[in-house]
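Work through the exercises below with the sequence and the model at hand. Try each task before reading its solution.

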Amino acid sequence: MDVEFGLGTFGDMSTALDGTPLSGAQTIRNVVAQAELADRLGVDYFAVGEHHRPEFAISAPEMVLAAIAGRTENIKLGTAVTVLSSDDPVRVYERFATLDAVSNGRAEPVLGRGSFTESFPLFGYDLRDYEALFEQKLDLFAELVKEQPVTWSGTMRPALENADVFPKTEHGLRPWVGVGGSPESIIRVARYGFGLTLAIIGGAAFRFKPLVDLYHRAVDQFGTEVRPISAHSPGHVADTDDEAWEQAYPGFEAMNRTIGRERGWAAYSRARFQNDVGPMGATYAGSPDRVAAKMAETIRTLGLGRFELKYATGTIPHEHLMRSIELYATEVVPRVRRLLADD
């Protein structure tokens, strides 16, 4: 199987090894260093998220990716995700076209609704327009990436009449859409001929197989391009299972308890964490052997063309993240390739 291996982060606010909180500025600088290491070790893809809340340092992902572009050579650069609903598609296109230029064609916009809603009031959007905002803005973005003058009208932004947008790219942008599990979203991605990224953050990966099948049926019916499917899931790699779990758990607990209070989740626990790292969970944490075996099974089951490990969750220190990246690139990825080659 021809598979790409990626890494992703939301720029979670981290701590030093002694537990001292780091600043947002230092966290962002650390993300750039992490991407630089990933590129040096041959990782195929690196993504950063967009959030507008205190747990995350990155609110302008394309700015961070531009900094990464200047310090890397080969790694593809994307988002996880660009919250298109509360942004302007013209500006999103312009930022990614610019990133594509400075990175020599490595930019990959990944568009989505996002899992948080802080950006809506921040930028003056009404949550009652949640569905219409994304539907219409994605429709406009699909026109913009054709890189021809655009005539478009909708109810969520001013119309465009024969509008040309710059800069043009040298080889075109290939957008992806991040999807959490809605069949309607899968069909929309297929209709536009965009790449599909599955956000698998809970439960077993095989639950997403019907959505993968739906995507292929929809692509066939629409006659659009068959694109590789990517999956995005959290995890952490260390030399042993116990070491990985001890390093990861405090960060997972901190993040889940913060979000859980807002969303009414049950209290996070060691038992839940251990369930999530098991065969029926969506967390890929442990030794290189454990993580590789679970990744290979997911890639086989869903027929993936890319697997993206969200390697940073909560307060995990930079030093542990760097080691996780090193093990992912030098130990996990080769093991997964061997396992897939044996199929």
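Predicted model: local features only at pLDDT ≥ 70, side-chain atom pairs only at ≥ 80, totals over all residues.

Residues are numbered from 1 along each chain as its sequence is written, and side-chain values use heavy atoms, with hydrogens and water left out.

**Exercise 1. Describe how helix α10 packs on helix α11.**

Solution. 
- Locate the helices: α10 spans residues 288-302 and α11 spans residues 318-341. Helices (H or I, at least four residues) and strands (E, at least two) are DSSP runs, numbered from the N terminus.
- Take the axes. They come within 8 Å and cross at roughly 45°. Axes are lines fitted to C-alpha atoms, for helices over the stretch in contact, and angles run from 0 to 180 degrees between N-to-C directions.
- Classify the angle. α10 and α11 are therefore oblique to each other. Angles under 35 degrees count as roughly parallel, over 145 as roughly antiparallel, 65 to 115 as roughly perpendicular and the rest as oblique.
- Assign the hand. The crossing of α10 past α11 is right-handed. Right-handed means that the near helix is turned clockwise from the far one by less than a right angle, and left-handed means anticlockwise.
- List the contacts (heavy atoms within 4.5 Å). On the α10 side they include Pro288, Val291, Met295 and Ile299; on the α11 side they include Leu327, Val332, Val336 and Leu340.
- Sort by class. This contact of α10 with α11 has 13 nonpolar, no polar and 4 charged residues. Ala, Val, Leu, Ile, Met, Phe, Trp, Tyr, Cys and Pro count as nonpolar, Asp, Glu, Lys and Arg as charged, and the others, Gly among them, as polar.

**Exercise 2. Are helices α8 and α9 roughly parallel or roughly perpendicular?**

Solution. 
- Helix α8 covers residues 241-263, and helix α9 covers residues 270-277. Their axes lie 10 Å apart, at an angle of about 115°.
- α8 is therefore roughly perpendicular to α9.
- The hand of the crossing is right-handed.
- From α8, Trp245, Glu246, Ala248, Tyr249, Phe252 and Asn256 meet Arg270, Arg272, Phe273, Gln274 and Val277 of α9.
- The α8 contact with α9 divides into 6 nonpolar, 2 polar and 3 charged residues.

**Exercise 3. Which residues does the cis peptide bond with omega of about 5° join?**

Solution. 
- This bond joins Phe166 and Pro167. Pro167 sits in the loop between β8 (160-163) and β9 (176-179).
- Now check Ala80 to Val81: that peptide bond is cis too, with omega near 0°. Val81 belongs to the loop between β3 (76-79) and β4 (82-83).
- Asn104 is not a glycine, yet its phi is positive, about 60°. Asn104 falls in the loop between α3 (89-102) and β5 (107-108).

**Exercise 4. Characterise the largest cavity and the second largest pocket.**

Solution. 
- On a 1 Å grid over the protein atoms alone, a cavity is a set of points where a 1.4 Å probe fits but cannot get out, and a pocket is an open set with protein on both sides within 12 Å along at least five of seven lines; lining residues have an atom within 4 Å of a point. Grid points are joined across faces, edges and corners, and a volume is the space filled by probe spheres set on the points.
- The largest cavity has a volume of about 80 Å³. Its lining has 13 residues, with Asp12, Ser14, Thr27, Gln34 and Leu321 nearest the centre.
- α1 gives the most to this cavity lining, with 4 residues. The cavity lining has 4 nonpolar, 8 polar and 1 charged.
- The second largest pocket has a volume of about 290 Å³. Of its 15 lining residues, Lys76, Glu108, Arg174, Trp176 and Arg306 lie nearest the centre.
- The pocket lining has 3 nonpolar, 4 polar and 8 charged residues.
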